[in-house]
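Here is a short briefing on one protein model. Take a look at the structure first, then work through the points below.

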Amino acid sequence: MKPDSVHITQIIHENTLKEKQDHYAVCWIKNEVKWIEINHVKYKNVSNSIFFLDPKTTWKIKKKDGSTSCGYILYLDNEVLNHPLLSNLHINQVRIFNAGEIPLFKLSPGIEKRTQAILEMIDELLGSPLNHKDDAILSLLNTFFVYCDGQCNIKSVASNSDSKTNVVYNFKTLVDKHVVEYHEVAEYADLLNISPKYLNECVKDVLNVGSKSIIIEQLLMRSRHALKFSSKTIKEISFELGFTSPDYFSYFFKTHTGITPSTLRNG
């Protein structure tokens, strides 16, 4: 990886301007800013949001008076996005940086802290002399994009207020909050006071996937994280994620990943 392939900076100045003209930019605005201007259109009082901006996009950010760091700007070149570890992600398959519009992710509760931790680790690694730091940075970027693809509430556009979009936003918020309790689409439809059929219709129209896949994706993400980064037994993980037995958890995991939980943990 070239030295300048990945660059990160905090939003700490009154005005933050685009630094890397030929890089893609991920703007994570944690604390509310006065506005972010994208292609000469201002979005005011934005917070807890991620914007994905391609090199052709012009943008700048105006911080509120008296505020400290409002988030991060992560710059990535084309070589990094085409790396095998990242290129197969669904988020790349939908060409999020080349959508003809400005994609926006509104982060769901709880994901904000994880996002910040990932970006802080990338920032720390970029300035370190550690061996294999490129591998570590790519792994963190992969985790970051997986969160964006699976745990963020919804890809939309800042001006989008469509009712189906709101249904999907609320559905993904509920999945993020209740996925260890509820594994079935009908249970979320009940919480939303709509029919499972209509919920599926909304998710299909907005995200082009089925409602069940959102639940599965969330369970797989939490499973992988627990298996790789915790010392809990597979039995403990299975029950914490709401599965009726370790055997069913193993069956579920292998069906959707092609490998067993033990293989992932020991790999």
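The buried residues of H7 are Val185, Tyr188, Ala189 and Leu192. Buried means under 20% relative accessible area, with exposed over 50% and partly exposed in between (1.4 Å probe, protein chains only). This is a predicted model: local features need pLDDT of at least 70, side-chain atom pairs count only at pLDDT 80 or more, and totals for chains, interfaces and linings use all residues. Residues are numbered from 1 along each chain as its sequence is written, and side-chain values use heavy atoms, leaving out hydrogens and water.

**Helix H7**

- An α-helix has 3.6 residues a turn, so residues three or four places apart point the same way.
- The buried residues of H7 pack against H6, H8 and H9.
- Asparagine 193 follows H7, and its phi is positive, near 60 degrees.

**H7 against H8**

- H7 and H8 pack at an angle of about 95 degrees, and their axes are 8 Å apart. Axes are lines fitted to C-alpha atoms, for helices over the stretch in contact, and angles run from 0 to 180 degrees between N-to-C directions.
- The two helices H7 and H8 are therefore roughly perpendicular to each other. That label covers 65 to 115 degrees; under 35 is roughly parallel, over 145 roughly antiparallel, and the rest oblique.
- H7 brings Val185, Ala186, Tyr188, Ala189 and Leu192 to the contact, while H8 brings Pro196, Leu199 and Asn200. Contact means heavy atoms within 4.5 Å.

**The cores**

- The largest nonpolar core has 29 residues; Phe171, Val175, Tyr188, Leu199, Val203 and Ile215 touch the most other members. Such a core is a set of buried Ala, Val, Leu, Ile, Met, Phe, Trp, Tyr and Cys residues joined through side-chain atoms within 4.5 Å.
- Helices H6 (163-178), H7 (185-192), H8 (196-207), H9 (211-229), H10 (234-240) and H11 (246-257) each give two or more residues to this core.
- H9 supplies the largest share of this core, seven residues.
- Another core, of 25 residues, lies apart from it and includes Val80, Leu125, Leu138 and Leu140.

**The whole protein**

- The protein has 12 helices and 10 strands. Helices (H or I, at least four residues) and strands (E, at least two) are DSSP runs, numbered from the N terminus.
- Of the 267 residues in the protein, 45% are buried.
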